[in-house]
Amino acid sequence: MKLSNRLIAIANFVPKNSIVADIGTDHGYIPVYLVENNIAKKVIGTDISKGSLDKIIDYIKTLNLEHIIDARLGDGLEVIKPYEVDTVIIAGMGGLLIRDILEKNKEVTDSIANFILQPMVAAKELRQYLVDNNFEIIEEELVKEDGKYYEIIFAKKGKSYIEKEIYYEISPLLIKKKHPLLREFIQFRLRELENIIEEIKDINTEKSKERYLEISAKIKDYKGVLEEIEG
Ligand SMILES: C[S@@+](CC[C@H](N)C(=O)[O-])C[C@H]1O[C@@H](n2cnc3c(N)ncnc32)[C@H](O)[C@@H]1O
């Protein structure tokens, strides 16, 4: 089976021989890829939606993989027992939902060694949560697929220190390794911010003035990071 670049980048973070929970698995592509490529010894694919879970159940039946991939219906980590898996993947959801899933079943979260997280939005808030809650962000990856950028975070329990506020938004690990997509990713974000500035610049309310200042400061910080990677 051929995975998309985003899913391959997620799978690349999975340590060899691990036991994995793929929370919100939907189609089940990641569990199947991990066992077919001998990366994981066992995978539990979960989903909150019965319709989604039925997709993976059918898929693993067709491939005769029921002995090695378990499909479970439920909310986040509530269907995983403490110490049952060593690695969790939570991908393709908002950063705030990923944060809530990690927070809701603390006993399970605390028993997991490797966290592979791919927020669709709110990566900043997710990094803030990780740093404030004793996770160490070990590595990050950035992938472009169909014109969209995806940030993938690999974390373990530990300590992280973030030097500047902007590094919650733009990963210092991507800056450090001068990731080849980082420049265009920042420029893409800058264009989004400049469009907002253009829309609100003539609105004369307190709220939009505040927002104008906030976004102008963010544009300055983004440009600072661009200088940092070019310097
Ligand atoms: C956009 S899909 C992502 C599928 C796959 N993880 C990926 O990255 O391609 C999001 C999936 O998460 C599931 N989901 C949303 N909230 C969930 C939760 N609290 N617990 C488990 N699954 C959840 C949805 O039902 C959906 O199937």
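Which residues of the largest nonpolar core touch the most other members? Here are a few notes on that and on other parts of the model.

1. A word on the basis before we start. This is a predicted model, in which local features need pLDDT of at least 70 and side-chain atom pairs count only at pLDDT 80 or more, while totals for chains, interfaces and linings use all residues. Residues are numbered from 1 along each chain as its sequence is written.

2. The core, then. It has 50 residues, and Ile10, Leu34, Ile89, Ile90 and Ile116 touch the most other members. A nonpolar core here is a set of buried Ala, Val, Leu, Ile, Met, Phe, Trp, Tyr and Cys residues joined through C-beta atoms within 7 Å. Buried means that 20 or more other C-beta atoms lie within 10 Å of the residue's own; 12 or fewer is exposed, in between is partly exposed, and C-beta atoms are placed from the backbone. Helix α2 (residues 29-36) supplies the largest share of this core, six residues. Helices (H or I, at least four residues) and strands (E, at least two) are DSSP runs, numbered from the N terminus.

3. Ile116 deserves a look of its own. Leaving aside neighbours within four places in sequence, Ile116 is in contact with Ile10, Phe13, Val14, Thr87, Ile89, Ile152 and Phe154; contact means C-beta atoms, placed from the backbone, within 7 Å. Apart from this core lies another one of six residues, including Leu142, Ile170, Leu174 and Val225.

4. Now to the ligand. It is surrounded by 16 residues, the closest being Gly24, Asp26, Ser49, Ala91 and Gly92; a residue is near if its C-beta atom, placed from the backbone, lies within 6 Å. Two or more residues of the shell come from each of β2 (40-47), β4 (87-93) and α4 (95-104), and β4 gives the most, with three. By class, the shell has six nonpolar, seven polar and three charged residues. Ala, Val, Leu, Ile, Met, Phe, Trp, Tyr, Cys and Pro count as nonpolar, Asp, Glu, Lys and Arg as charged, and the others, Gly among them, as polar.

5. Asp26 has a positive phi of about 55° although it is not a glycine, and with 17 C-beta neighbours inside 10 Å it counts as partly exposed. Ala122, in the loop between β5 (114-119) and α6, also has a positive phi, near 55°. Most residues other than glycine have a negative phi.

6. Ser52 is in helix α3 (residues 50-62) and touches Asp26 and Asp47, not counting residues up to four places away in sequence. Ser52 and Gly24 are 28 residues apart in sequence and 8.4 Å apart in space, C-alpha to C-alpha. Ser52 counts as partly exposed because it has 19 C-beta neighbours inside 10 Å.

7. Finally, a helix pair. α4 and helix α6 (residues 123-132) pack at an angle of about 25°, with their axes 7 Å apart. Axes are lines fitted to C-alpha atoms, for helices over the stretch in contact, and angles run from 0 to 180 degrees between N-to-C directions. That makes α4 roughly parallel to α6, a term for angles under 35 degrees. Gly95, Leu96, Ile98 and Arg99 in α4 meet Ala123, Glu125, Leu126 and Tyr129 in α6.

Notes. Two residues are in contact if their C-beta atoms, placed from the backbone, lie within 7 Å. Angles under 35 degrees count as roughly parallel, over 145 as roughly antiparallel, 65 to 115 as roughly perpendicular and the rest as oblique.
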